[in-house]
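Biologist: Please walk me through this one. I have the sequence and the model open.

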Amino acid sequence: MEALSKYKCNELNRRQKNYGWDTDWTVKERDQKSSFMWVARVSLIYTAIITFGTTMASKQHTTRPITTGTSVVGLVYDGGVLLAADTLLSYGSMAKSFNTPRMVSIGDRILLGASGEYSDFQEIVSRVEALALEETTQSMESVYDERSLSAKSLWNYLRAVMYQKRSKMNPFWNDVVVAGNEKGTPFLGVVDKLGTTLQENMVATGFGAYLAMPLLREKWRPDLSEGEARALLEDCMKVLFYRDCRASARIQLAKVTQDSCIISDPYELDHSNGWNAPSMQRAVGDLDGDGGW
């Protein structure tokens with residue numbers, strides 16, 4: 001009995017030292033408090049794990065483009081702005097979709113076209129549409145005067161958005177072309193994923209910056225008619241189809257003038273004779289042709 005009493009005293013002293021209990025507590029009460037504290041600690045640890053996991057899961061970054069579109073080409077002609085882009089989306093090196101438009105109209109005065117990650121482009125379009133709606137419905141000026149978002153204002157807005165996103169190490173993986181017409185003055189500009197902007201009479205994104213721009217610089221004139229501008233853009237898209245393995249011969253054209261903003265239905269380029277062009281043939285050895293059967 002003396003040994004048991006001594007054991008109980010030692011156990012009480014140990015628990016008092018570990019948990020800071022008063023000596024007035026009985027052993028049963030102290031055991032109950034010990035169980036409660038253990039449950040509270042487990043609950044706290046579980047809550048912390050769940051909170052941390054939820055926080056980490058909610059921060060999702062696009063680390064690299066996955067489903068992408070290639071070049072967008074645009075130019076200013078006498079009376080408006082004309083854009084061209086194909087409708088192919090690539091999943092890495094695989095052709096994923098052959099009929100996905102990469103140009104949208106914002107109201108009846110602005111055109112947007114983009115190359116790069118398609119999901120990021122969809123998010124950009126959502127933001128721009130919300131901005132355009134806010135501009136036309138929530139400003140005090142819109143109560144008394146017809147008010148709409150201008151292409152140059154949108155271009156500057158996208159510059160700020162792109163720069164903010166890349167500064168947070170989570171960029172929109174796109175090069176965005178903005179086209180518009182304000183009171184008869186055409187506007188054409190481009191914003192890349194770093195927030196760098198360019199306003200010019202002719203622009204191209206993706207591989208078009210290397211393959212289409214030489215043609216545009218050579219053939220462009222300020223007084224181009226709409227037909228001439230369309231023919232020039234179709235020539236650029238043919239070259240991209242021949243030389244860019246992520247490009248397609250199925251394209252769309254879009255134009256914005258002072259009166260309207262129109263995007264054509266997708267159609268196929270005529271490239272039946274393109275492979276017979278001298279630039280596509282290379283003599284091999286002493287053979288007259290390309291060495292093929």
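Modeller: First, a term. Buried means under 20% relative accessible area, exposed over 50%, and partly exposed in between (1.4 Å probe, protein chains only). The model is predicted: local features need pLDDT of at least 70, side-chain atom pairs count only at pLDDT 80 or more, and totals for chains, interfaces and linings use all residues. Residues are numbered from 1 along each chain as its sequence is written, and side-chain values use heavy atoms, with hydrogens and water left out.

Biologist: Is Glu226 buried, exposed or partly exposed?

Modeller: Glu226 belongs to helix H8, residues 226-243. Helices (H or I, at least four residues) and strands (E, at least two) are DSSP runs, numbered from the N terminus. The relative accessible area of Glu226 is 37%, so Glu226 is partly exposed.

Biologist: Which side chain meets Glu226 in a salt bridge?

Modeller: A salt bridge is a side-chain nitrogen of Lys or Arg within 4 Å of a carboxyl oxygen of Asp or Glu. Here the N to O distance is 3.2 Å, and the partner of Glu226 is Lys255. This pair links distant parts of the chain, 29 residues apart: Glu226 in H8 and, in strand E12 (residues 250-257), Lys255.

Biologist: How many salt bridges are there by this rule?

Modeller: Arg230 forms one with Glu234, with the closest N and O atoms 3.3 Å apart. Arg221, Asp223 and Glu228 are linked in a network. By the rule, the count is seven.

Biologist: Which residue forms a salt bridge with Arg250?

Modeller: The closest N and O atoms are 3.8 Å apart, and the partner of Arg250 is Glu268. The two sit in distant parts of the chain, 18 residues apart: Arg250 in E12, and in strand E14 (residues 267-268), Glu268.

Biologist: What is the distance between the end C-alpha atoms of H8?

Modeller: The expected span of a helix is 1.5 Å times one less than its number of residues. H8 has 18 residues, so it should span 26 Å; the end C-alpha atoms agree, at 26 Å.

Biologist: Which elements are among those that cover the buried residues of H8?

Modeller: The buried residues of H8 include Leu232, Leu233, Met237 and Leu240. Contact means heavy atoms within 4.5 Å. The cover includes strand E2 (72-77), strand E3 (80-86), H6, H7, E12 and E14.

Biologist: What is the volume of the largest pocket?

Modeller: On a 1 Å grid over the protein atoms alone, a pocket is an open set of points where a 1.4 Å probe fits, with protein on both sides within 12 Å along at least five of seven lines; lining residues have an atom within 4 Å of a point. Grid points are joined across faces, edges and corners, and a volume is the space filled by probe spheres set on the points. The lining has 30 residues, with Ser115, Asp175, Thr205, Gly206 and Phe207 nearest the centre. The volume is about 650 Å³.

Biologist: Which residues line the second largest pocket?

Modeller: The second largest pocket has a volume of about 160 Å³. Its lining is Arg109, Ser148, Asn181, Glu182, Lys183 and Gln258.

Biologist: Is Lys183 buried or exposed?

Modeller: Lys183 lies in the loop between E8 and E9. Its phi is near 55 degrees, a positive value in a residue other than glycine. Its relative accessible area is 79%, so Lys183 is exposed.
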